[in-house]
Amino acid sequence: FSKSTHHKVVVWKPMPISDASKEGAVKVLADCKYTNSEIWFLRFSLGNNISTSERPFMAVGNKVGHIFIWDLANIVDGGAPVKLAHSKCKTTVRQTAISADSRTILAVTQDGSLWRWDAK
């Protein structure tokens, strides 16, 4: 996984050592695209699927206070993210964290606020 300044997180797999001499020694599996993310130092987090606790997912924020969540089992097929937002959260989400039971997502913003979303 690599977070870029081009509005996406890239999911990739390294190629075998025997192929490492070839140009681009990685295979890109998916581009997880989202808006308002053309800045450095936005950290994503990985966890299990909130609803089933069996499938992995990824959460990342952007510079306008939104959080995007992808089901990693479906991103290769172009699965769209789910967006979490709150009308009062309007600043850059610098980092997300996912609880051990994958039922809570925390977001820390540029202004020092901590936001919490709980699965129902």
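Biologist: What does the side chain of Thr96 reach at 3.0 Å?

Modeller: In this predicted model, the Thr96 side chain reaches the backbone oxygen of Ala59 at that distance, 3.0 Å.

Biologist: And what makes the link between the side chains of Thr96 and Ser45 a polar contact?

Modeller: The two side chains are joined at 2.7 Å. The limit for such a pair of N or O atoms is 3.5 Å, so a value of 2.7 Å falls within it.

Biologist: Where does Thr96 lie, and why is Thr96 called buried?

Modeller: Thr96 lies in strand 8, which covers residues 93–98. Its relative accessible area is 3%, and buried means under 20%, so Thr96 is buried. Beyond its sequence neighbours up to four places away, Thr96 touches several residues, among them Arg43, Phe44, Val60 and Leu106.

Biologist: Let's turn to Val26. Why is Val26 called partly exposed?

Modeller: Val26, found in strand 3 (residues 26–33), has 38% relative accessibility.

Biologist: Is Ser102 buried or exposed?

Modeller: Ser102 sits in the loop between strand 8 and strand 9. With a relative accessible area of 2%, against a cut-off of under 20%, Ser102 is therefore buried.

Definitions and conventions. Residues numbered from 1 in each chain as written. Predicted model: local features only at pLDDT ≥ 70, side-chain atom pairs only at ≥ 80, totals over all residues. Heavy atoms only, no water. Helix = DSSP H or I, 4+ residues; strand = E, 2+ residues; numbered from the N terminus. Buried < 20%, exposed > 50% of the residue type's maximum accessible area, 1.4 Å probe, protein only. Polar contact = N/O pair within 3.5 Å; in protein donor to acceptor, adjacent residues only side chain to side chain. Contact = heavy atoms within 4.5 Å.
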